[in-house]
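Q: Could you walk me through some features of a model, one at a time?
A: Gladly; here it is.

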Amino acid sequence: MKERIEALSASFAEALGAASCESELEALRIAYLGKKGHIAALMQSLRDVADKKAAGQMINGFKCEVESKLLEAGEALRRAAIEASIRSAKKYNPSLNKKRELGSYHPITLATRDVEEIFKTMGFTIEDYAEVVDDYECFEALNIPKHHPARDMQDTYYLENGQLLKTQTSAAQNAIMKKYGAPLRAIFPGRCFRNESTDACHENTFFQMEGMMIDENISISNLIYFMKTMLSEVFKRDIKVRLRPGFFPFVEPGFELDINCLICGGEGCPSCKNSGWLELCPCGMIHPNVLREGGIDTEKYTGFAFGLGLTRLAMMKYGIKDIRDFNSGDLKALSQFKSN
Amino acid sequence: MFLSMNWIGDFVDLSGLDKKALIKNFTLSTAEVEDIIVKGEDVSGVIVAKIASIEDHPNSKKLHLLKVDTGAGLIDVVCGAPNVRLGMKVALATVGGSVSGMKIAVAKVAGYDSYGMCCSEAELGISDDHSGLMEIFEDAPLGTDIKELYEIDDIIFEVDNKSLTNRPDLWGHYGIAREFATITGRELKAPTTHDVTPYSSLPAVEVSIKDPSLCYRYSAIKVENVTRKVSPVNMRIRLYYCGSRAINFLADLTNYVMLELGQPMHAFDNARVDKIEVQTFDKPFKFTTLDGVERNIDETMLMITSESEPVAIAGVMGGDASKIEDTTTSLLLESATFNGVSVRKTTTKLGLRTDASMRYEKMLDPELCRLATERVLKLITECDGGARVISSFTDSFVYHYPEIDLSFDKAYVDRYTGIDIPEEAIVKTLTGLGFGVKAEGGNFEVSVPSWRRTKDVTIKADIIEEISRIYGYDNFDISTSVSPLRPVRTETLKSYEDRMKDILVENYKLHEVHSYIWSDVKKDKELGIETPAGVKIINAETPDHQFIRISMIPTLLSFVKENRAYADNFGIFEIGHTVDGFKKENGYCNERKKLGAVLFSKTRSEEELFDTLADLAKEISANILHKEPTFREADVRFGFEHPANCFSVLLDGECVGFLSVPHPTVLASIDKKSAVAFLEIDTEAFAKTDKLPMSYAVPSKFPEIEIDLTFNADISAIRFDELKAAIKATAGELLSSVWVHDVYEAEDGSCSVTFRFAFVSPERTLTKQELSPLTEAIAAKLAELGLNMKI
């Protein structure tokens, strides 16, 4: 028996060494471990052996050796096949530059969304308003009576039915106060129209964003704090603000708000006319007459309002030099604003 | 407006203070300073000298060789001035000094050395007169620095006129000085005046105000025997520095007092104007103003007349015929207050804005009239000893602005400012600005001074501004507001539009554009589009832009045309406002917000573009509202749509927009070889339909079974939404979904469509056999609707 096993073992080792693919291994497995294989035959011949136990152990040992060697050889073959497939794999090239199609947002949409996000985090409602308004909304309700010089300051587009294209986002103040009442925090971006000739710096159609905050005990101190916080968020850095008296009929007191020049940081440069300051947005405490027109109790509530030039903000932010680009429809310019 | 610190110094002592810093503070407390100009810096080493001898220059006809006495000896100077005269005292720029930014050195002029330069006023920078040498008065000691004699050194600052719109009191140096006095806490000195009371016994000027609603006060006084022709140098320097030009003594005087007190004055030649009426006329006529221009006067314009002869446009400009000439020695001096609105309308109509009208527009304080008259008289009598007042101060004071008293308490100020401004500071500020103040235990009673109550200060919030601006916004402690937590409301339409933009840009790769709210008739014409007759803008800058757009599509089509070289394939969109006629109920504009989208391609078919936009409409509906739109053939509305392929888009049976491709003539004018399709959605109508809630069904544990059925059909006639409803009704609950799997067009032109049906049961695995009665029923139903199953 021992001799038979040794002979089989030697021929198995030879056959295993010669096997080069999985099907040959499988044939080998059947030849040795199959029902009619060598090992089965050995088991058959046990009948004729005296020391059955020792012979059985010997056959079993051989069977285990065959099984593990087959397994090992199979593993080695698969590994070799994978390595071969890796070696022969096609090399890809991520740098290949095919033309990609991407849509684009209008820069005003992007600038507006940026600012809206900031206000949302501060609990402001975002409102939308008409572009065609009436005299009451645009002037009367804003404490600008007939014949007031403020109406001369803005050249208004009038429509055949007596309505007009809104000259300022403030035209929505009254309606929004009436819609929500106090307390109130709202911003309302919108398009405004002024009948003036256009050039690189002037447009008859432009975007503003108005904001209001009305509550009990809203003060000038709150307004300054708020504007500083908000503008620091908008420009993503600590902004210095300065308030100067400014006259707008719908606020009292009214302010012109300056920020330290973004170009020179306040040292003085040509873009701030060497003053170190940039005039950025008009603001003020909402005039009691305006609150009253909006149905708000002026003894109980105070509030502030401000206007931000969105078109100007977008120009500053993206380095757009010519304001007319906004309404040009020129995709060479506009398609650059790929995404949020 | 230009302001002189020297002049302000007449009314408030600012010595020892940094003037430039003060001016900067003025920006923060009062009004915006646009520029600070230091005068006299470039003038140095200029002294009084006397012409001791004059010889002709041998090489030049114009030049003279002078010996000039500086008080310390004679020096040689070469001079070309025509008015040089022996014994004349002149301003000599000495070697080492400078004028007009030019250093003076020994110079050879046409072969002769010159040890200095005799100066004109222009060279000294104090006027634009360069016609000859400035003559210095006889008594001036030789060698005196010219700056000791005249106010050449000054700091001028320019204030933005717009920032003074609401402050009639700041249109003169005196009012500005009041601000400086309050800011610095120093005392304000009143201007010196010449009292008119002693003349009350003299005959009055005949003044009659025929239109008292337009003239609040008219005062007049007559002065004769004014022989002085040229104003004092310092007066001329101030006028010049402040942007005015010296004319003659009388004209300069009225300008000077206007710049000082803010009250416009007019001097008529008394020889030609003796009586005054203030009136409007029934009929238009022509009138020549003192600038020599003939103006069209209409019935609304207030005029000053003398014995019915027009002599001035009230508050704007005097007439040519009655103006002060060099020969005038007697004058009738007007100091009046006219209705600001009326003056503004007049100047707008005439296109004539003057220093006077600018001030009247701001609603001047009528109390100023007498002060201004007394100030002019003071200056006349000081400068011209012979001048004599020959009438009483005649004063028609028609309208007094009502007195305004305001009361408030410290708590109000604290609440409004958010900081604690001490009571003493409040009292000091308001008193400094001329308010009458009674303060007791935190309660304030304040009376508004006449110069602030013409419109500027009327309510207590106005007082807050006065207190806080003088306190200084830079000095405010800033703090956040404390408000209870409240939920933020969101505006549905706005959030829907944001989603639409995202879908169009991110999923469909469209480009967002903005266009004007008006149609462009010219561009429409180029596209072969007849501009829809929208609501009209009555003052559009060109007739081409007079119609408000009804549809977004025409402007987008012209953008597409302009961009056709940009890429082979692109799409653009805009969400914008349009106006579709007037509302019946109130005649207001029917303003609609609309999404317009246009696709362009040189490589894809028109049908592909059309399908993409149909898909886009489905996508935004499904994504935002969780529902599906339907499409119905529609008649063209505007004419730029293609009559064969114009569809309305419906949500819940309501039309929310349209989908079409261009009319062949429009396409031809865009680009014959390309394809274009467009979609317009009324976003307000879109947002008005209810958003369906998210629906959830427990998923079946059993497999879904798919069955395809193919039918012969005329594809263009199929209304899939109707078929789907019929199929669902027939199939019942086991049908989980159905869609068009394939469309086949045979060579002979016949078409077939394959529907794929998905069935599933929550209870068991379905078999094809048990479903066959159901599919047969569906086929029968579709056959009723004209679709025969293909065997």
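Q: What distance separates the centres of domain 1 of chain A and domain 2 of chain A?
A: This is a predicted model, in which local features need pLDDT of at least 70, side-chain atom pairs count only at pLDDT 80 or more, and totals for chains, interfaces and linings use all residues. Residues are numbered from 1 along each chain as its sequence is written, with chains lettered from A and ligands numbered from 1 in the order in which they are written. Taken over C-alpha atoms, the two centres are 88 Å apart. Domain 1 covers 2–88 and domain 2 covers 107–334 of chain A, with bounds from an automatic or database domain assignment.

Q: How is the packing of α2(A) and α4(A) described?
A: Two packed helices are described by the angle between their axes and the distance between the axes. Here α2 (residues 22–33) and α4 (residues 52–88) of chain A pack at about 175°, with axes 10 Å apart. This makes α2(A) roughly antiparallel to α4(A) (over 145 degrees; angles run from 0 to 180 degrees between N-to-C directions, and axes are lines fitted to C-alpha atoms over the stretch in contact). Helices are DSSP runs (H or I, at least four residues).

Q: Which residues of α2(A) and α4(A) make the contact?
A: Contact requires C-beta atoms, placed from the backbone, within 7 Å. Among them are L25(A) and L28(A) of α2(A), and L70(A) and A73(A) of α4(A).

Q: How many residues of chain B are in contact with chain A?
A: 72 residues of chain B touch 59 residues of chain A.

Technical notes: Two residues are in contact if their C-beta atoms, placed from the backbone, lie within 7 Å. Helices (H or I, at least four residues) and strands (E, at least two) are DSSP runs, numbered from the N terminus. Angles under 35 degrees count as roughly parallel, over 145 as roughly antiparallel, 65 to 115 as roughly perpendicular and the rest as oblique.
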